[in-house]
Structures are given as C-alpha cells and as structure tokens.
Amino acid sequence: MATEAGDAERAGFVPRPAQERILEYTGGPMGISAVPGSGKTFTLSLLAARLVERLAAEGRLDEREVLVVTFTNSAVANFRARIGQFLRQERGLLPGAGYRVRTLHGLAHDIVRERPGLVGLSEDFEIIDERTANEIKRDAVVSYLRTHPDTFAPFIKPELLQNPRRLEETLKTDAIDLANTVIRVAKELAVSAGELRAALDRQQGLFPLLDFGVYIYGLYERSLQVRGAVDFDDLIMLALQALRADEGYLARLQARWPYILEDEAQDSSLAQEKMLRLLTAAHGNWVRVGDPNQAINTTFTSADTRFLQKFLREYPEQARTLPNSGRSALPIIEVANALIEWSRAEHPTLGPELALAFPRIEPTPPGDPQPNPPPGKPDVYFYERAMTPEEELDVIVTSLKRWLLSNADKTVAILAPDNQRGEKIVAALRQAEIEIDDDLLRTTISTRATARILAIVIGYIAEPQSTVLLRRLWEEVWYPLWVVQRQMHEKDRTAPQVGEKAPEPVRVFGQALGKLREPESFVFPSQRDFLDGLTWLDDMERFRGLLQEFRDDLQRWSRAVVLPVDELVLTVGADLFREPADLALTHRLAVLLAKLANENPTWRLPDLAGELENIAQNRRRLLGFTEDSQGYVARPGVVTVATMHAAKGLEWDRVHLTAVNTFSFPSGLPNEQYRSERWYVRDNLNLAAELETQMRQLHMGSLDEYAPGRATQQARLDLAAERLRLFYVGITRARRELIVTYNTGRQSDTNPLPPALPFTALAEYTRSRKQGSA
C-alpha cells in the first residue's frame, strides 16, 4: 500500500508550501487543520525532529524532550520510528533521545507513576485491564438487577411487560452499557459515587436510571479500592490531580517538555484539554493538528471536536491548513468535497456546528513527489438499485470476481458500517473462494492470547535461571499447546480435552520444576540429568518422551537467543503455533518488537519480553500497541474486509462502501431508526443519552430542568453528525475507484430501508457531473 510519507522519502522530501509554513514554527500555540492523506504524521514527525535538533543545539537534550501526544495507540510506534529516522539520517542524532511519544493514557501513566504519593497511591499500584473492569461491572449489574428487578420497568413498552423473561438477557447486556456510560461520565466530571448519591438524595421525585447508575459506580469504586488498583480513566484524572497538587512538580514537567505536539486533536477530550493546557501554561508551545471531519468516536467516548475548533478560532494568526492530498484521484476528491458542501448547505437537520468543516481537499501541486493517482474505470459509482442484504453481497462478489481478473496488482477493500455486516461479507467471499484479509475485523482477545504465550517463552529465554518462568512455560504454554495440537491436528481421540484439569504427572512435574535449584540440570544436562532423579518416571516411558520433546524445544529456543528479537519471536512462534491466524499475529508482534528495539538501542531482551507482557495484560493502551491497524499492509489481489472505523488512516486502490442506508447512516430525522434506541424502550428513548444528561445536571446541583426526551433528540443529531463523518472517512480511503451500495435491511419485505440522505445527494451529484462532462 503506497503512503504519502513513503513516496516523499523515496523521492527526496521537498515540503509543499502548506507544509513549509508549519515547519517554520518556532513557538507559541498553533492549530492545524489537515485533510485526509495530507501527510500530517510525516509533517508533525519532521517538525518534532527539528525541535529536538533545536534542543540539541542549545545543549538541553539531556533534560528536555519534545512531547508528542496522539489519540490512537497505533500511531505511537509510527511517530517514534519516523522521528528516530529523521534524527538518525538527517541530523546525526541518536534515536530515542530528546522526544517522547505517548497516548493520553500513557502520558497520564508517566505523570502518576513518577509521583504516586501525590494522589495517595503506593509505588506498586496496579492498573486493571479492560477484561477485569468489565467483570466487575457485570457482577455489580447482575447483583443490582437481582434485588431491583423492576428498575427498567418504567421505560419498557407496556405490551412487553407481560413477558419480562424475554427481555432478561437483553436488559442485562444493555444495563452493562449504561454502567459504562455512568462510570465514563463520572470520571470525566471527577465526581465520586458518594457525592452523586448525596446530590441525588436531595432531589424530589424518582430517578431509577440515576439510582441504578450511582449504585453501580459505587460498587465499582469500592472494588478498585479493595484491589488497591485504578483503571485507565482513573489515570487521567489522577494525573490532573497530581499536577494541581504540587506546583513544583508541574513546573518541572513544564520545563521537561518545552514543546508539546498533539496529533488527532479532533478526538481531544475535556481531560486531555485540561492536562495539556496545564503542561503548556508556562511556555505556550502547543501544536495541535487534526481533522474535525475524521472525528468518528464522539458518541461512545469523551472525544469532542469542539476543542480543536475553538483552539483554531482562539489563535487565528497561527492557524494553519494541510489541504493538499495525493491519496485519491480527482473524481474521488470532488465527491468528498461535494459531501462537505452538501452537509453545510442542504443537510435537513445539522447546523454549521455539526456539519462537515472546511478546508476542502486540494490535489497536490504540479511536480509533487506524490501526484494524485489516475482514476479507475469507473472512478466513482453509486449503485442506486434497492437490494436486500443478500442481493448486495451477490452484486459485490460478482463485481469483485470480474475486477480481480484484470487487477491482481492492485489493492481493494470492502468497508462495512459494523462488525456484524463485516462478518457476513467475509462469509460470502469465502464461499466464492476469493482470497481475503479479515485481520482488521478481529478482536483484541486473539492478540492478547498470542502475546501472552510469546511473553512467557521470551521471558524465560531472557531469564533462563528462573524456575518460576520455567514452570509457567510448562504448565501454561507448552503442555496446553501440545494438547491442542494432538486434539486438533493429529485427531487423537485419547488426547486430553482443552480446559480439562491437567493429569497428575503434568502437575507433579510442574511442581518439581518449580523446586529446581539448577534449571540447567534439566535443560542442558551434562553430568547429572534431572529426569533421572525422578523415580516415578521409570514406568512412564511415553510421558518421559514428552518431556524430552519439551527439553528439545527449550534447548533450541535458548540457542536462538543470539538472533535479533524479531527472528527469535518468529522462531518460537513457528514451533508453538499451527493456525495461520496465530502465525500472522506472531509476525505482527515480531515486527513491533523489532521497531521498539531499533528505537530504543539500550533495551535488552527482558525489556522487550516485558512489552509482550504489557500487550497480553491489555496495558498496550499505555505503551502504544494495538492490533487495529498497526503493522497492517494491504496485499495486491487480496480483498481486505474491515469496518469503516478500523479503516481510518488506511487506503486502497478500490474501495467498496456497503450498507449505506438510513439505519447505518441516519440524518437525525424522526422517521429513521437509530441503533442507540432499543426496540423495547417506550417513546424511542435513548436511555444512555437520558442517563448522561441526568448525571451532568445532577452534578450541577439540580434535576429541575431535566426534560425527558430532549437528550434523545440531541443524541440523534450527534449520531447523524458522527455517521456523516464516518461516511466521509470511508470515501477518502479510496485512491482510484469508489463503489457505494446500500441495502434495504433485515426487514426488507415489511419495512425496507431507503438509502441514506448523503448517498442520494452524492449519487445525484455524480450523475450531474458525468452528464456535464459528456
């Protein structure tokens, strides 16, 4: 997959005029609006490298750093690599010195970890992962609903109350989502459950949603306190608390980071805004770059595009744009710009503050090292025939089969509005025997499981004298994987079943390994073989043979310690895994570790093994790991299937946008359906929106002004705006060809869905453009 930065580097980078204006930056606040494909990461990385060079020239590199804060985890490694490359190749400086790249959570972790006592934490405080947090919330919800079974009865349609068991599981799942909303908003407001309960007790009337939410939040708070732990959102608020608690500490951090560059600023939150304002208050050197039109997380996170837009208005003299994009052919750029114009002039419900924002996308200037690609045939096509979901799949599969025959050297993606539709697309392509890449649809669970296995093995290789690690390797990795391979690949019906309690010899041998004083007596026996001392093995020839296999693997891995870390990981992975998905994830993790080793020359194998453990424990949010798009490369002739959310930041020669109907892309109109409004709830209320509004008003002191339904209407508009931005993101993934289809939904016979309004508007625009050029 071609990228703008890669083309620029190969051709010898000559800044465009818009980029040059940004690279001339010397200090102060600067806001940058960057269109898709404009090279913002490349430009910001080069600016960071130049600022590091300035610190080096001033002799301040030992005590000062340029801080880069990015919203997405996958961007962290990319920034580190680019800045290090600029410094090494163009400046002659060592990579890793003079700059720090963090997500917001990673930055908060750094701040709290350095001075945990400021916020009442011990030096070894624990950060719980998302899995543990979700288990706590689920247990709290189940407990509450068991003792308060009628909590949601006032919101359920009367005709459904006759059979409450039908709703039991649905209510439980939706209640967990409501709990997530409560906890997210409460942490954003920096308010405790006790404070909310006291405020609620002062109100007149009954508020069952709030009563439920405050109760769950209280249980969640207590569970964390018992564990002596915090969650990811706690880190942000605790970091703010630490900065405000010690003026001297804040002043040191302000001096340590004399320049702060914020990437993806369209996704900034109130907490991020407060933290970066504090850290830049002494010097004002704050660069914010983003694209409000690519803010696609606002309805389910605390992100808000208004912070970047306000910043641009606040400092107009240093507001900049990156309008030139070499990603897409001119017809695709014109369609994206037409969507901006339509949203601002003709959208039926969205005002200027929610419509798409300027600037328009401009092609690259003549002589640019990344000229816009030539359009394909067709360049843009809106398939306007109404189709059922199954008919839409048939049309796409037929089209792709024909296209792939003559375009095996080009990249292609099918983008769905959600994972459920993506999985159906994958099934249809597999049935048609079309080669696919569906890695971007995978959940994080598979990555964590693979990383955990590799972390244990690499950890042992890094510390071979540790009998604790040796025992873990046997009990948690080698033997369970041996069971899986026998059961699945050898079709051995006598093999133990996965999940069964390990046989007694396996457990006894694990205990014996844990008591070893000299692990080499088992792994590399010379004068004495540890196995000879285990008399109970005398009559267990088959099991002893299994232990010899284990020892052979340990010896091979130990000898491979001299290899670079990526080759070491690939060697271990090839021995442990058989499934293509596991091997692919191993390769991705190997690439990530190689990058980290290159960017941190002082790191040794234990440090890199620790990074694998962080991924396995879901702490990658702090350290910049993600499986969403990190390391992804589009393969020519292979069809990528992804959601439009996961496709952000990527590009393909041909892109199919699917299911562009009024359900997936509503426009805020009364007759449309909204996935956030549950089918069983009366008056089409959005319970999450209503609960969030109640919480915010309660925090201000009174619920007197709360009006049921008003929050639901605003939530419709917010969702319409976000889905419009998602459509824009989908369009701007295409380089040469864009194909857009819609389907009439699951109830096509009784209640068919029409195409989304922006679909109809752009289809009409495309027809008129082609007629005008005929």
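Ser33 sits across from Thr321 of strand E8. This is a predicted model, in which local features need pLDDT of at least 70 and side-chain atom pairs count only at pLDDT 80 or more, while totals for chains, interfaces and linings use all residues. Residues are numbered from 1 along each chain as its sequence is written, and side-chain values use heavy atoms, with hydrogens and water left out.

Strand E1 (residues 30-34) runs parallel to E8, and four bridges join the two. Strands (E, at least two residues) and helices (H or I, at least four) are DSSP runs numbered from the N terminus, and two strands pair if DSSP finds at least two bridges between them. E1 and E8 belong to an open sheet of six strands, ordered E3-E2-E6-E7-E1-E8, with parallel pairing. At its edges are strand E3 (99-103) and strand E8 (319-322), each of which pairs on one side only. From one strand to the next, the twist averages 15°, with axes taken as lines fitted to C-alpha atoms and angles running from 0 to 180 degrees between N-to-C directions.

Now for strand E14 (residues 734-740). Seven of its seven residues are buried, buried meaning under 20% relative accessible area and exposed over 50%, with partly exposed in between (1.4 Å probe, protein chains only). Strand E9 (residues 380-382) runs parallel to E14 and is joined to it by three bridges, with Phe382 opposite Val740. Strand E13 (residues 652-657) also pairs with E14 in the parallel sense, over five bridges. Here Leu657 has Val740 as its bridge partner.

Helix H16 (residues 419-431) packs 13 residues into a reach of 18 Å from first C-alpha to last, close to the 18 Å expected at 1.5 Å a residue; that expected span is 1.5 Å times one less than the number of residues. Arg421, Gly422, Ile425, Val426, Ala428 and Leu429 are buried in H16. They lie on the same side of H16 because they cover an arc of only 165° around the axis, the arc being that of the directions from the helix axis to the C-beta atoms. Glu423, Arg430 and Gln431, on the other side, are exposed. The cover over the buried residues includes helix H15 (389-406) and strands E10 (412-416), E11 (436-437) and E12 (639-643).

As for the ends of H16, a side-chain oxygen of Asp418 comes to within 3.3 Å of the backbone nitrogen of Gln420 at the start. After the helix comes Glu433, with a positive phi near 60°.

Note on methods. Contact means heavy atoms within 4.5 Å. A polar contact is a pair of N or O atoms within 3.5 Å; within protein, one must be able to donate a hydrogen and the other to accept it, and residues adjacent in sequence count only if both atoms are side-chain atoms.
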